Each structure stands twice: as C-alpha cells, then as structure tokens.
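User: Please go through this model with me as a series of questions, giving the cut-offs behind each term.

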Amino acid sequence: MKTLMIASLLLFTAAAQAEPQCPEWLQQEMTKLHSKDTLDLCELTGGKVALIVNTASDCGYTPQFKGLEALYKQYKDKGLVIIGFPSDSFNQERDDAAETAEVCYVNYGVTFPVTAASPVKGEQANPVFQHLNAKLKEPQWNFNKYLIDRHGKPVKHYESGVKPDDKELTAAIEALL
C-alpha cells in the first residue's frame with residue numbers, strides 16, 4: 001500500500017511538472033478590442049509560442065496587420081498565437097475602439113486576438129508590456145514584435161521594421177514550435 005501511494009505521488013508530481021505553468025506576467029485578463037469580453041492571456045498562451053505586437057491604426061506600419069494575419073494562419077495549428085495590443089503610446093491609435101476594430105477586422109481581416117487599447121511604454125504600460133520592457137526592450141515605435149516561448153519566457157524583440165514574413169523571425173518561430 002505504501003509503495004502504491006509513493007508511486008501515485010511520483011506520477012502526480014511528474015504530470016504536474018509536465019504541464020506548462022502560466023508565468024505571473026501573463027496571469028492577466030485583458031479586455032478584447034471593441035467588446036465587453038475579456039481575453040485570458042494564460043489560456044491563450046498556455047503551451048504555445050506567442051508573438052506579442054504593439055499595434056496602431058494610423059501608422060506607416062499598419063499594413064503589417066496583413067502579414068501578421070498570414071503568419072497566424074500559417075502557424076496557428078502548429079502552436080503559435082499572435083496577440084495584438086493597440087496603443088496610443090506613439091499618438092497613432094484612434095480614440096474610438098470601433099474605428100480601431102474596423103481597421104483590424106474589416107480592413108485587414110485580422111482573426112488573431114486583439115486587446116483594447118492600452119499604453120505599452122513608460123510607467124503607464126500595461127502589465128504585459130511592463131514585463132516585456134524590463135526583460136527585452138521597450139518599444140520605440142508601433143509594431144514591435146516580442147517572441148515568447150511555450151513556457152512564457154520572452155525570447156527575442158524585433159523592431160518595427162522587421163516584417164512578419166522576415167526569414168529570421170519565421171525561423172525563430174519555427175525553432176520554438
């Protein structure tokens with residue numbers, strides 16, 4: 001009986017260690033863009049590779065939404081999630097969430113999760129970007145990309161000019177998948 005209890009405990013411990021743990025910085029519920037619904041970041045990222053992007057509707061890089069959506073469609077079934085974080089930190093996001101949603105969902109056909117607008121730099125940054133800024137680099141403009149591994153560890157920061165189909169970015173995603 002004692003041996004059975006020890007074996008059961010060891011199996012339980014091994015199973016618990018095998019399950020990906022959600023890091024504290026992702027233990028957030030963010031409001032979904034132009035919705036009363038929320039996005040549970042632990043649920044979205046659990047065991048997946050994530051690409052977190054600060055976005056804006058009126059930026060020269062806004063057309064990257066098209067490439068981000070293509071990247072999402074290409075890799076989502078293999079374990080990639082992209083999460084867009086609209087922000088007016090660089091004064092290029094619309095004040096009306098409906099207009100931001102139209103840019104994302106109608107103009108660019110975005111299907112990956114997008115949060116409501118929030119700050120991404122400085123002391124006002126949302127908790128996700130506070131962590132990313134401390135671990136990697138604070139965004140200097142819109143459409144910075146942050147690659148996160150399956151365990152919630154920030155791996156690499158990509159500047160605005162790095163397009164979603166950039167070979168280095170896609171190779172890094174593939175290596176983590």
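What follows is a set of questions and answers on the structure shown.

Analyst: This is a predicted model, in which local features need pLDDT of at least 70 and side-chain atom pairs count only at pLDDT 80 or more, while totals for chains, interfaces and linings use all residues. Residues are numbered from 1 along each chain as its sequence is written, and side-chain values use heavy atoms, with hydrogens and water left out.

User: In what order do the elements of the chain run from the N terminus on?

Analyst: Helices (H or I, at least four residues) and strands (E, at least two) are DSSP runs, numbered from the N terminus. On that basis the chain has six helices and six strands. From the N terminus on, the order is α-β-β-α-β-α-β-α-α-β-β-α.

User: How many of the residues of strand S4 are buried?

Analyst: Buried means under 20% relative accessible area, exposed over 50% and partly exposed in between, with a 1.4 Å probe and protein chains only. Leu-80, Ile-82, Gly-84 and Pro-86 point one way from S4, whereas Val-81, Ile-83 and Phe-85 point the other way, and all are buried. Strand S4 (residues 80-86) is therefore largely enclosed by the rest of the structure, the count of buried residues being seven of the seven.

User: Through which helix does the chain cross from S3 to S4?

Analyst: Two strands pair if DSSP finds at least two bridges between them, and strand S3 (residues 49-55) pairs with S4 in the parallel sense over seven bridges. Within this pair, Ile-52 stands opposite Ile-83 in S4. The β-α-β crossover is right-handed and passes through helix H3 (residues 64-75); right-handed here means that, with the strands pointing away from the viewer, the path from the first strand over the helix to the second runs clockwise.

User: What arc do the buried residues of helix H6 cover around the axis?

Analyst: The buried residues of H6 (residues 167-176) are Leu-169, Thr-170 and Ile-173. They lie on the same side of H6, because the directions from the helix axis to their C-beta atoms span an arc of only 95 degrees. On the other side of H6, Lys-167 and Ala-175 are exposed. The arc asked for is 95 degrees.

User: Which residue of S6 is the bridge partner of Leu-147?

Analyst: S5 and S6 pair in the antiparallel sense over four bridges. They form a hairpin with five residues between them, and Gly-152 in the turn has a positive phi of about 85 degrees. The partner of Leu-147 in S6 is Lys-156.

User: Is Tyr-108 buried, partly exposed or exposed?

Analyst: Tyr-108 lies in the loop between helix H4 (97-107) and helix H5 (127-135). Leaving aside its neighbours within four places in sequence, Tyr-108 is in contact (heavy atoms within 4.5 Å) with Thr-62, Pro-63, Phe-65, Lys-66 and Val-103. With a relative accessible area of 25%, Tyr-108 is partly exposed.

User: What is the relative accessible area of Phe-143?

Analyst: Phe-143 lies in the loop between H5 and S5, and its phi is near 65 degrees, a positive value in a residue other than glycine. Asn-91, in the loop between S4 and H4, has a phi near 60 degrees and counts as exposed at 67% relative accessibility. Phe-143, by contrast, is buried, and its relative accessible area is 0%.
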